[in-house]
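Here is the note you asked for, written so that each point can be checked by eye while the model is open beside it.

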Amino acid sequence: MPSSNFLTFSDPLPYQAALWISDIEIVPTDKGKFHAELTQINLDKIWMQRGHENLPQVVAGKVTPIRKAITFLTKEQDMIYCGQSVLPGSIIVHRTDSQHRRNAANRNWGSMSLAHDDFHAACKVITGCDIQDESLALVVRPDPDLTSRLLHVHATVEMIAKTSPGIFVMPEVVRSLEQQLIHLMIRCLADSVSLSMSAGSWRHDRIIARFEEFLEANSDQPVYLAEICAALGVAERTLRAACEEHLGMGPIRYLTLRRMHLVRRALLRADPLKATVTQIATDYGFWELGRFSVAYRVLFGELPSESLRMPAVERSRLVDRPSSLADFVDRH
């Protein structure tokens, strides 16, 4: 049976946990109250999502390899994926290794995915041949008419789920909608222009992946730019250029933002009777506690001690995966 979820979030932690087939970290790059909305619909073979986030952000992580997934913008705005500009009308073809996205404020997006067997079977039926992963670029630009039709059907399915969910008990309607989505997904990938990465962008992409690995391995130590460059084997100028291209900021600014969000997660998960702000902050390399506290309040709108002492009910709402989604994941 088709199923759907309509969720809102006031913190990036449960939001990133709720996203299907993703293992990502969301780092908002501007202060303010985070707000996101997420629609998730499982028709049968097709899983689709539509979302909105209010704050600009950097996203790092991977898409899990269990399904073939694409993402696209649903309104006029820009985003950067692995150093490439993604304009309205373009489609991201997700890969399973490390990836970085830089999203503008008020991003509106859609995605859909198929199990690999279903994807390859549909390719053969619709195009007469298979579409191999290695033949697809990270970003493709289909014929505008195909993209327009895909966006229309995708939005129609969401509207039906929200306003007339009873229609989903009619198998013939579900099958018709799903077949349209599958057909348009395959056609958009088969009849598209690949937007290839330049040699420089590809090199920067690899540098950023190694940069993330270094930060993960040294999350509890103060690190300096010269040390990072030496560990990565790149010049400071090159690392700065790669970070500006992929992350929209310099390496130290990104390091600080990333660690701030890790501290917030740790504070929300800690037992306030056993843990202290000092202990958690220093665990993530913040030694100047006065400056840390001021920067934390500017970024999150509350003191670190307030995050640590947050009531259990509110803490659980921010950190834990929504139970309605847990049931869906367990079934699949």
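The points below go through some helices, the contacts between them, and a few single residues.

1. Basis of the note. This is a predicted model, in which local features need pLDDT of at least 70 and side-chain atom pairs count only at pLDDT 80 or more, while totals for chains, interfaces and linings use all residues. Residues are numbered from 1 along each chain as its sequence is written, and side-chain values use heavy atoms, with hydrogens and water left out.

2. Helix H2 and its length. Helices (H or I, at least four residues) and strands (E, at least two) are DSSP runs, numbered from the N terminus. Helix H2 covers residues 116–127, and its 12 residues reach 16 Å from the first C-alpha to the last, close to the 16 Å expected at 1.5 Å a residue; the expected span is 1.5 Å times one less than the number of residues. Just after H2, Gly 128 takes a positive phi of about 85°.

3. The buried residues of H2 are Phe 119, Ala 122 and Cys 123. Seen down the axis of H2, these buried residues fall within an arc of 110°, so they line one face of the helix; the arc is that of the directions from the helix axis to the C-beta atoms. On the face turned away from the buried side, H2 carries the exposed residues Asp 117, Lys 124 and Val 125. The cover over the buried residues of H2 includes strand S6 (67–73), strand S11 (107–115) and helix H4 (171–190), where contact means heavy atoms within 4.5 Å.

4. Helix H4. Among the buried residues of H4 are Val 174, Leu 177, Glu 178 and Leu 181.

5. Helix H8 against helix H10. Two packed helices are described by the angle between their axes and the distance between the axes. The axes of helix H8 (residues 251–269) and helix H10 (residues 289–300) come within 11 Å and cross at roughly 85°; axes are lines fitted to C-alpha atoms, for helices over the stretch in contact, and angles run from 0 to 180 degrees between N-to-C directions. That makes H8 roughly perpendicular to H10, on a scale where angles under 35 degrees count as roughly parallel, over 145 as roughly antiparallel, 65 to 115 as roughly perpendicular and the rest as oblique. Leu 257, Met 260, His 261, Val 263, Arg 264 and Leu 267 in H8 meet Phe 292, Ala 295, Tyr 296, Leu 299 and Phe 300 in H10. By class, this contact of H8 with H10 has nine nonpolar, one polar and one charged residues (Ala, Val, Leu, Ile, Met, Phe, Trp, Tyr, Cys and Pro count as nonpolar, Asp, Glu, Lys and Arg as charged, and the others, Gly among them, as polar). Of the 19 residues of H8, 15 are buried, so H8 is largely enclosed by the rest of the structure.

6. Helix H6 against helix H7. Helix H6 (residues 225–232) and helix H7 (residues 236–247) pack at an angle of about 90°, with their axes 9 Å apart, and they are therefore roughly perpendicular to each other. In this contact, Leu 225, Ile 228, Cys 229 and Leu 232 of H6 meet Glu 236, Leu 239 and Arg 240 of H7. By class, the contact of H6 with H7 has five nonpolar, no polar and two charged residues.

7. Ile 21 has a positive phi of about 45° although it is not a glycine, and its place is in the loop between helix H1 (12–18) and strand S2 (22–28). Asn 106, another residue other than glycine, has a positive phi near 55°. Ile 21 is buried, with a relative accessible area of 13%, whereas Asn 106 is partly exposed, with 43%.

8. Arg 95. This residue is found in the loop between strand S9 (91–93) and strand S10 (99–103). Arg 95 is buried, with a relative accessible area of 10%. Not counting residues up to four places away in sequence, Arg 95 touches Val 63, Tyr 81, Cys 82, Leu 138, Trp 202, Asp 205 and Arg 206.

Key
Buried < 20%, exposed > 50% of the residue type's maximum accessible area, 1.4 Å probe, protein only.
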